[in-house]
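Hi everyone, thanks for making time for this. I'd like to walk you through one structure, and we'll take it a piece at a time.

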Amino acid sequence: MNRIAQILLIGALAISSAWAQSSPPLPNVAPHQSVGTVNCASSTCHGAVTPWQDSNVLQNEYTTWLRLDKHARAYSTLLNEQSQRIAKNLGLKEGAHKAKICLDCHAHNPAPSLRGERHIVAEGVGCEACHGPAEKWVKSHTVAGTLHADNIANGLYPTDQPVAQAKLCLSCHFGDENRFVTHRIMGAGHPRMSFELETFAALSPAHYRIDDDWKKRKGEFEPIKVWAIGQALAAQQLLNTLADPKRGRDGLFPELVLFDCHACHHPMSDKKWTARDGLPPGKVRLNDSNLLMLRALIKATDPARSAAFNAQVLKVHQAISGKGDDPLVEAKKLSAMISETVPRLEAMDFNQSHLQGVIRALIDEAQNGHYTDYAGAEQAYMAISSMASSLVKRGLAKPAPINKALADLRRTLANEENFSPRLFASELGKLRAIVLAGAK
């Protein structure tokens, strides 16, 4: 790498570091004490059976979590036969329900010194796992005149901010430097990680209401922005893990969870290799599903930077395959480019043109042969489904043909072992025609 490239990389990484440091600590590593979900459970707080009519919050948030949210049952999952088998395969003597490696994501598991006397790990992923340890804000947040900014200053985690929300959710559903579902854990029996922030947030039982009061206190809510930032941070986390000499390797092998599962997990008789990005057969591809989403996003919202971003993605793929420069250096360069992109996305007002441009770019990736792996197609489906819903809400598409096309597209993903890129691309082509017709 020449001197100019080194200077540019150091500068970009400095921007990345400063941006990362400006975010509050995640709830699992926050310095305050967790006091327990029982403090939220009163019927006059957040434990009401039904929403209150004259309140700016629903007041039944705890009840919704307890009855409907899978996060409340995350700990109990560790007691089933599959989890205990995984723990045994990993050699965890204490069992899954006691092992830190499992509890860190299946419960709110702060350090013992930061557990209040009413905090119960067995409650699963409770209030403080997402909203932050409540020691400093649980009393003051109900005091008249207390602002949302005051609560955040006291340790409330800002889940309303897309970047903070993405970092929080991805820290378990994708992984970060403190908790990560490795290939070894998957080999022991853990399911493949499959996550897209906006889709999963939309499917979760809502315990908030985005009304005028919410917008006044917290700002406008844009689903496409949540999706965009979620994709950017997921892609960056993958690259950072790849470039980390500790997390990016497992003995002699690279950390295989970063690569396309189905590049290896298919019958030897299935000759499925297809040319893509100039990579030769026999090479295991990086799982670039989030990078594909980001490519489409940048093409639609920042076309001046699209060529440079695509070129750097290609350099990463080629470097990993042994055809280019040091893959760790190239991965860090691409991560730095994403760091520059995130603040732009955070500040962007996504308009009708952006929305239509993103969905077209996502669909066109299929025509360019880029959804050859199941993970990429899966991410594309979730993204396109979300974007299509937004088109319908804005009156830019008719719901009936959109819903039918999405149902047909979803059927091509019903069995990942038998995924057909050709069939997926064909159904995407039909959807593109419907989207274009609605835009006229």
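Let's start with a pair of helices. Helix α12, residues 223-243, and helix α15, residues 327-347, have axes that come within 9 Å and cross at roughly 160 degrees. That angle makes α12 roughly antiparallel to α15, because an angle over 145 degrees counts as roughly antiparallel. Please keep in mind that this is a predicted model.

Which way does α12 pass α15, in a left-handed or a right-handed crossing? The crossing is left-handed. On the α12 side, the residues that meet α15 include K225, A228, I229, L233, Q236 and L239. Among their partners in α15 are L328, A331, L334, I338, V342 and L345. Sorted by class, this contact of α12 with α15 has 15 nonpolar, 4 polar and 3 charged residues.

Now stay with α12, and bring in α8, which covers residues 162-173. The axes of α8 and α12 come within 9 Å, and they cross at roughly 50 degrees. That makes α8 oblique to α12. Here α8 passes α12 in a right-handed crossing. From α8, the residues P162, V163, Q165, A166, K167 and L170 take part, and they meet K225, V226, I229, G230, L233 and A234 in α12. This contact divides into 8 nonpolar, 2 polar and 2 charged residues.

The next neighbour is α13, residues 289-301. How are α12 and α13 packed, at what angle and how far apart? The angle is about 135 degrees, with the axes 8 Å apart. The two helices are therefore oblique to each other. As for handedness, α12 passes α13 in a left-handed crossing. The contact is made by W227, A228, Q231, A232, A234, A235 and L239 of α12, together with N290, L291, M293, L294 and L297 of α13. By class, α12 and α13 bring 10 nonpolar and 2 polar residues to this contact, and no charged residues.

Rolling a probe the size of a water molecule over the atoms shows where empty space is left. How many cavities of 30 Å³ or more does a search of the whole structure find? It finds 2.

The largest cavity has a volume of about 390 Å³. It is lined by 28 residues, and the closest to its centre are F174, M193, S194, N287 and N290. N290 has come up already, as part of the α13 side of the contact with α12. The largest share, 4 residues, comes from α12. Overall, that lining divides into 15 nonpolar, 9 polar and 4 charged residues.

The second largest cavity has a volume of about 60 Å³. Its lining is made of T37, H108, H119, I120, V121, E123, G124, G126, C127 and E128. By class, those residues divide into 3 nonpolar, 5 polar and 2 charged.

Conventions: Residues are numbered from 1 along each chain as its sequence is written. This is a predicted model: local features need pLDDT of at least 70, side-chain atom pairs count only at pLDDT 80 or more; totals for chains, interfaces and linings use all residues. Side-chain values use heavy atoms; hydrogens and water are left out. Axes are lines fitted to C-alpha atoms, for helices over the stretch in contact, and angles run from 0 to 180 degrees between N-to-C directions. Angles under 35 degrees count as roughly parallel, over 145 as roughly antiparallel, 65 to 115 as roughly perpendicular and the rest as oblique. A crossing is left-handed if the near helix is turned anticlockwise from the far one by less than a right angle, and right-handed if clockwise. Contact means heavy atoms within 4.5 Å. Ala, Val, Leu, Ile, Met, Phe, Trp, Tyr, Cys and Pro count as nonpolar, Asp, Glu, Lys and Arg as charged, and the others, Gly among them, as polar. On a 1 Å grid over the protein atoms alone, a cavity is a set of points where a 1.4 Å probe fits but cannot get out, and a pocket is an open set with protein on both sides within 12 Å along at least five of seven lines; lining residues have an atom within 4 Å of a point. Grid points are joined across faces, edges and corners, and a volume is the space filled by probe spheres set on the points.
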